[in-house]
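Please look over the sequence and the model shown below, and keep them at hand while reading the report that follows.

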Amino acid sequence: MDRPQDVSTPDGEAWPADAIEIGRIGEAWGIKGGFRVLPHASEPEALFSSKRWFLKEPELRPRPPGSPPLPTLLRIVQAREHGEGIVASAHDVEDRNAAEALRGARIFVSRSSFPSAAEDEFYWVDLIGLQVVNREDVVLGQVVDLLDTGAHSVLRVQPAAVEGEPPPAERLIPFVAAYIDAVERDLGRIRVDWGLDY
């Protein structure tokens with residue numbers, strides 16, 4: 001999990017232990033402190049469900065020298081869809097300059113603030129790290145990521161490395177009912193109908 005150690009906000013609120021990165025802040029929007037948001041998910045319910053967004057500096061492109069310190073916490077007034085994007089406003093971000101100073105910041109929210117998923121629906125973050133086991137109880141590997149093909153998601157499963165051998169190729173298993181028998185989060189595994197020779 002990507003989070004700083006022992007960090008709290010200026011008002012003493014601790015960084016959530018279950019913080020999940022869900023997007024980043026784009027350019028300023030309007031003149032009253034609004035800003036665009038670039039979510040990581042195509043259905044960004046977590047952005048809308050949380051009124052407390054925790055921020056970190058961008059990883060790849062640092063903010064310009066002399067930029068004001070990035071706040072650790074934004075208390076969101078409003079986040080909504082606008083056209084094909086999302087715009088938001090926050091307390092203490094009162095004008096375009098303040099909004100522009102946030103540009104590039106990575107947004108994290110507490111996993112506990114995500115809306116409840118429907119039965120047989122899962123957040124990707126809850127699947128990553130689970131062990132994948134087939135019907136013969138053979139461990140195929142661990143979910144390291146998912147791919148979105150448009151039609152459905154695909155599990156990226158990395159088999160365990162064997163010392164002295166080249167790293168095994170990952171398996172790509174469609175996350176559809178034809179191949180997924182059960183997601184047993186309480187046991188830390190996903191049961192699949194998938195052979196070793198697939």
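## Two loop residues with positive phi

Asp-92 has its place in the loop between strand E5 and helix H2, the latter covering residues 96-100. In this predicted model, the phi angle of Asp-92 is near 70°, which is a positive value in a residue other than glycine. Is Asp-92 buried or exposed? With a relative accessibility of 71%, Asp-92 counts as exposed, because the limit for that class is over 50%.

Arg-191 is found in strand E12, which covers residues 189-192. How far apart in space are Arg-191 and Glu-170? The two residues are 21 residues apart in sequence, and their C-alpha atoms are 17 Å apart in space.

## Strand E1 and its partners

Strand E1, made of residues 19-29, pairs in the antiparallel sense with strand E6, made of residues 106-110, and this pairing runs over 5 bridges. Within it, Gly-23 has Ile-107 of E6 as its bridge partner.

E1 also pairs in the antiparallel sense with strand E2 (residues 34-39), over 5 bridges, and here the bridge partner of Arg-24 is Leu-38 in E2. The hairpin of E1 and E2 has 4 residues between the strands, and in this hairpin Gly-30 takes a positive phi near 80°.

## The nonpolar cores

The largest nonpolar core holds 25 residues, and the members that touch the most other members are Phe-35, Trp-53 and Leu-74. Two or more residues of this core come from each of E1, E2, helix H1, strand E3 (52-56), strand E4 (73-82), strand E5 (85-90) and E6. Which element gives the largest share of this core? That share, 4 residues, comes from E1.

Leu-74 can be followed in detail: if its neighbours within four places in sequence are left aside, Leu-74 is in contact with Phe-35 and Trp-53, and also with Ile-25, Lys-51, Arg-52, Leu-55, Ala-90, Val-93 and Leu-102. There is also a second, separate core of 13 residues, among them Leu-130, Val-143, Val-157 and Val-192.

## The largest pocket

Rolling a probe the size of a water molecule over the atoms shows where empty space is left. The largest pocket has a volume of about 1,000 Å³. Its lining is made of 32 residues, and those closest to the centre of the pocket are Ala-41, Glu-43, Phe-122, Tyr-123 and Trp-124.

Several elements contribute to this lining, with at least two residues supplied by each of E1, helix H1 (45-49), helix H3 (124-127) and strand E8 (139-148). E8 gives the most, with 4 residues. How many residues of the lining are nonpolar, polar and charged? Sorted by class, the lining of the largest pocket has 19 nonpolar, 6 polar and 7 charged residues.

Definitions and conventions. Residues are numbered from 1 along each chain as its sequence is written. This is a predicted model: local features need pLDDT of at least 70, side-chain atom pairs count only at pLDDT 80 or more; totals for chains, interfaces and linings use all residues. Side-chain values use heavy atoms; hydrogens and water are left out. Two strands pair if DSSP finds at least two bridges between them. On a 1 Å grid over the protein atoms alone, a cavity is a set of points where a 1.4 Å probe fits but cannot get out, and a pocket is an open set with protein on both sides within 12 Å along at least five of seven lines; lining residues have an atom within 4 Å of a point. Grid points are joined across faces, edges and corners, and a volume is the space filled by probe spheres set on the points. Ala, Val, Leu, Ile, Met, Phe, Trp, Tyr, Cys and Pro count as nonpolar, Asp, Glu, Lys and Arg as charged, and the others, Gly among them, as polar. A nonpolar core is a set of buried Ala, Val, Leu, Ile, Met, Phe, Trp, Tyr and Cys residues joined through side-chain atoms within 4.5 Å. Buried means under 20% relative accessible area, exposed over 50%, partly exposed in between (1.4 Å probe, protein chains only). Contact means heavy atoms within 4.5 Å.
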